[in-house]
Amino acid sequence: MLNKAQVRYCLDTMGEMFPDAHCELNHSNPFELVIAVALSAQCTDVLVNKVTKDLFQKYKRPEDYISVPVEELENDIRSIGLFRNKAKNIQKLSRMLIEEYGKEVPRDRDELVKLPGVGRKTANVVVSVAYDVPAIAVDTHVERLSKRLGLCRWKDSVLDVEKTLMAKIPKDEWSVTHHRLIFFGRYHCKAQSPRCETCPLLEVCREGKKRMKRKEAN
Ligand code: SF4
């Protein structure tokens, strides 16, 4: 596991590599962000942005989503994986926002996770991106990176990863680190082909060292 100085080194290096890391899901208000993140499960941000370009023109408020038959909404998002389930959840979520939250997206993570289709990761993205509340959403990139680098243990659950990162990273850097880890995982330390040879974190990365050793042996 990385020591304090090594964690600092990783954070600073990722900051230098991706100073402008940000949420890549297009949205113009918290409600659109909730819809975009709900659509993004097992789907790329690029595809979600393609779909929400028209979707957010047609549906602006929770009322708009429940004013159409679910089949119509399914049709509007059908290029996205799990579209039937997602359409159903978006309508349920919209109804709940109207009936229980005065049409506003709650700012509290514990309230957000009560919305259909909104898990802890989505709630963390929404509070940090829409409301500037420090949070670390653990998606597939954050989990992979944290484990490869030795910020966490291989056997850690997603919740363990979140807790460990919160303990090791200063609170005022949680949200930006979440984005930087995602950019680092998306554009540098990819799942199938991490760029260890040119990685500035190689000297502290247990996975990178292992991979380089294997390469040299071959
Ligand atoms: S050394 Fe390799 S595995 Fe480690 S962070 Fe860099 S690219 Fe990823």
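Visitor: Why is Q42 called exposed?

Guide: Exposed means over 50% relative accessible area, buried means under 20%, and partly exposed lies in between (1.4 Å probe, protein chains only). Q42 has a relative accessible area of 75%, so it counts as exposed. The model is predicted: local features need pLDDT of at least 70, side-chain atom pairs count only at pLDDT 80 or more, and totals for chains, interfaces and linings use all residues. Residues are numbered from 1 along each chain as its sequence is written, and side-chain values use heavy atoms, with hydrogens and water left out.

Visitor: What makes the phi of Q42 worth a remark?

Guide: Q42 is not a glycine, yet its phi is positive, about 55°. Most residues other than glycine have a negative phi. Q42 sits in the loop between α2 and α3. Helices are DSSP runs (H or I, at least four residues), numbered from the N terminus.

Visitor: Why is D132 called exposed?

Guide: The relative accessible area of D132 is 69%, so D132 is exposed. D132 lies in the loop between α8 and α9. D132 also has a positive phi, of about 60°, although it is not a glycine.

Visitor: How do you know that C199 is buried?

Guide: C199 has 17% relative accessibility, so it counts as buried. C196 is buried too, with a relative accessible area of 10%.

Visitor: How many disulfides are there?

Guide: A disulfide is a pair of cysteine sulfur atoms within 2.5 Å. By this rule the count is zero.

Visitor: How do you know that the span of α12 agrees with that of a helix?

Guide: The expected span is 1.5 Å times one less than the number of residues. Helix α12 (residues 206-217) has twelve residues, so it should span 16 Å; its end C-alpha atoms are 17 Å apart, which agrees.

Visitor: Which residues of α12 are buried, and why are they said to line one face?

Guide: They are E207, G208 and M212. Seen down the axis of α12, the buried residues fall within an arc of 130°, so they line one face of the helix. The arc is that of the directions from the helix axis to the C-beta atoms. These buried residues pack against α9 (140-149), in contact, meaning heavy atoms within 4.5 Å. On the other side of α12, K213 and A217 are exposed.

Visitor: What makes a set of residues a nonpolar core?

Guide: Its members are buried Ala, Val, Leu, Ile, Met, Phe, Trp, Tyr and Cys residues joined through side-chain atoms within 4.5 Å. The largest such core has 38 residues, of which I35, L55 and Y65 touch the most other members. Helix α2 gives the most to this core, with seven residues.

Note on methods. Helix = DSSP H or I, 4+ residues; strand = E, 2+ residues; numbered from the N terminus.
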